[in-house]
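Biologist: I would like to learn how to read a model of this kind, one feature at a time. Where do we begin?

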Amino acid sequence: MKGVTKSFYLLLVFVMVLSLAACSTPAPAAAEEPAAPAAEEAAPAEKTYQDLVVGFAQIGAESGWRTAETDSIKAEAETLGVKLQFSDAQQKQENQIKAIRSFIAQQVDVIGVAPVVETGWETVFAEAKDAGIPIILVDRRADVSDDLFASFIGSDFVLEGENACMEMGELLGGAGNIVELEGTVGAGPAIDRKKGFDDCMAANYPDITILESQTGDFTRAKGKEVMEAFLKTYTGEINGVYAHNDDMALGAIQAIEEAGLKPAEDIIIVSIDGVKGIFEAMAAGKANVTVECNPLLGPQFYEAALTLANGGSVEKWIKSNEGIFRADTAAEDLPTRTY
Ligand code: GZL
C-alpha cells in the first residue's frame, strides 16, 4: 500500500508543478499586428457640377429646333452651376474646329459638339483625346472611330424618316407624287432621315413617286425657295411634301399658299422636329404631321459630362425618346409644347 501512496503523491506533485508552469508561462505574445499600411494617397475628391468646366461647340441658329437646343444647353448650365464656354459656329465646320481647339487650350473637363456635317473630325478629336478631354456628340453624329468620342446623345434619325414615310403613305392613300426637302448636305440627320424615308417608300409604297429631292439646308427661307422651284417645275403634279425639318416645311407652306394652293389639303405636309410653329400650322389646318425630335438635351448632356469628368463611363448612344403628332390633336398639344 505504502508504495502505491508514494507514487500517488509523486504524480500529484508532478501534476501540480505542470499546472503552475502552465499558469506562469506567459501566453504567447499575440502575433504582432502588421503595421497599418501607410495611408494610401487620398483619391481626388469627386467633381460636382459646380466644379465642372465644359466647352460646347454649337452649329449656329439655323432653325427653331437649334435655338431650342442652345437654350437648353445654356439654361441647364445656369441651373446646375456648370462653367460653360459656348461657341456659335455660324454653320461653319472650321469655326467648330477652332472652338474645340480653344477648349483644349483652356483644358476644359469635357467638350460637347453638334457636328454640322459627319466628316472631317478625326484630327481635332484625336487632339482632344491626346489632351485627355472626352468628347460628347450632341444631336448629330460624326464619322469617326468609336475611341474618338465618349457618347452620342440624340435621336434615331432613320426611324424618324421611316415614321414620316408611314404617315405620308397613309395620308396619300398609298399613291401619288411627292417632293422632298433635305437638310444640310452631309449632316447626319439629313443623310439618315432621307435613308429612312426613301427606303421605307420603296419597300411599302411602290405607287408613291418622289419627283425630286433637294436640300433646303434646314432653314425656312431656303425651304420656301426650293418649294417655289418645285411648284413651277411640277405644276399640278405634287400631292405631298416631306421636309427633313419643320422650318423648311413652314417655308414650303408659305410657297404653296403664294401659289394659290391649300397646304395640308391640296398638298400633304409631313415634317420632323415638333417645334411650336408646326403645331400652330397644324392647328390652323396648314400642316398634317410632325415627327418629334427632342432638342432639350441639356440635362442628359451635363449628366454624362459629370460622369466622364469623374472618370466614369456612359452609354455609347444615349437615345432620345420621341412621339408623332398629328393635326387632329395639335390645338390641345400646343400649350404643352416647350420649344
Ligand atoms: C436634329 C438636328 C436638326 C434638326 C434641325 O438632331 O440636328 O438640325 O432637325 C436642325 O431643325 O437644324
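**Reading the contacts**

Modeller: Begin with helix α6 (residues 188-204), where lysine 194 and aspartate 198 both lie, 4 residues apart, or about one turn of the helix. Keep in mind that this is a predicted model.

Biologist: What does lysine 194 form with aspartate 198?

Modeller: The general idea comes before the case. Side chains of opposite charge can pair when their charged atoms come close. Here lysine 194 forms a salt bridge with aspartate 198, and the closest N and O atoms are 2.8 Å apart. Lysine 194 is partly exposed, at 25% relative accessibility.

Biologist: How many salt bridges does the count come to?

Modeller: The count comes to 20. One of them pairs aspartate 139 with arginine 66, with 2.7 Å between the closest N and O atoms. Aspartate 139 is in the loop between β4 (135-138) and β5 (151-154), while arginine 66 is in helix α2 (residues 64-80), so this pair ties together parts that are 73 residues apart in sequence.

Biologist: Is aspartate 139 buried or exposed?

Modeller: A residue counts as buried when its relative accessible area is under 20%. Aspartate 139 has 5% relative accessibility, so it counts as buried. Arginine 66 has 2% and is therefore buried as well.

Biologist: Which salt bridge does glutamate 127 make?

Modeller: The side chain of glutamate 127 meets that of arginine 101 in a salt bridge, at 2.7 Å from N to O. Glutamate 127 belongs to helix α4 (residues 122-130) and arginine 101 to helix α3 (residues 93-105), so the pair ties together parts 26 residues apart in sequence. Glutamate 127 has a relative accessible area of 29%, which makes it partly exposed. Arginine 101 is partly exposed too, at 39% relative accessibility.

Biologist: Which residues do salt bridges that share partners join into one network?

Modeller: The residues in that network are Glu62, Arg66, Glu69, Asp139 and Arg140.

Biologist: Now the covalent links. How many disulfides does the structure hold?

Modeller: The structure holds 1 disulfide. Cysteine 165 is joined to cysteine 200, with an S to S distance of 2.0 Å. Cysteine 165 is in helix α5 (residues 157-171) and cysteine 200 in helix α6, 35 residues apart, and the pair links distant parts of the chain. The angle about the S-S bond is -70 degrees, and the link is left-handed. Both cysteine 165 and cysteine 200 are buried.

Biologist: How should I read two helices that pack together? Take α2 and helix α10 (residues 298-309): at roughly what angle do their axes cross?

Modeller: Read the axes, the crossing and then the residues in contact. The axes of α2 and α10 come within 8 Å and cross at roughly 55 degrees. The two helices are therefore oblique to each other. Their crossing is right-handed. On the α2 side the contact is made by Ser72, Ile73, Glu76, Ala77 and Leu80, and on the α10 side by Gly298, Pro299, Phe301 and Tyr302.

Biologist: At about what angle do helix α7 (residues 220-233) and helix α8 (residues 246-258) pack?

Modeller: The angle between α7 and α8 is about 45 degrees, and their axes are 7 Å apart. That makes α7 oblique to α8. The crossing of α7 and α8 is right-handed. The residues of α7 that meet α8 include Lys224, Met227 and Leu231, and among their counterparts in α8 are Met248, Gly251 and Ala255.

Conventions. Residues are numbered from 1 along each chain as its sequence is written. This is a predicted model: local features need pLDDT of at least 70, side-chain atom pairs count only at pLDDT 80 or more; totals for chains, interfaces and linings use all residues. Side-chain values use heavy atoms; hydrogens and water are left out. A salt bridge is a side-chain nitrogen of Lys or Arg within 4 Å of a carboxyl oxygen of Asp or Glu. Buried means under 20% relative accessible area, exposed over 50%, partly exposed in between (1.4 Å probe, protein chains only). A disulfide is a pair of cysteine sulfur atoms within 2.5 Å. Axes are lines fitted to C-alpha atoms, for helices over the stretch in contact, and angles run from 0 to 180 degrees between N-to-C directions. Angles under 35 degrees count as roughly parallel, over 145 as roughly antiparallel, 65 to 115 as roughly perpendicular and the rest as oblique. A crossing is left-handed if the near helix is turned anticlockwise from the far one by less than a right angle, and right-handed if clockwise. Contact means heavy atoms within 4.5 Å.
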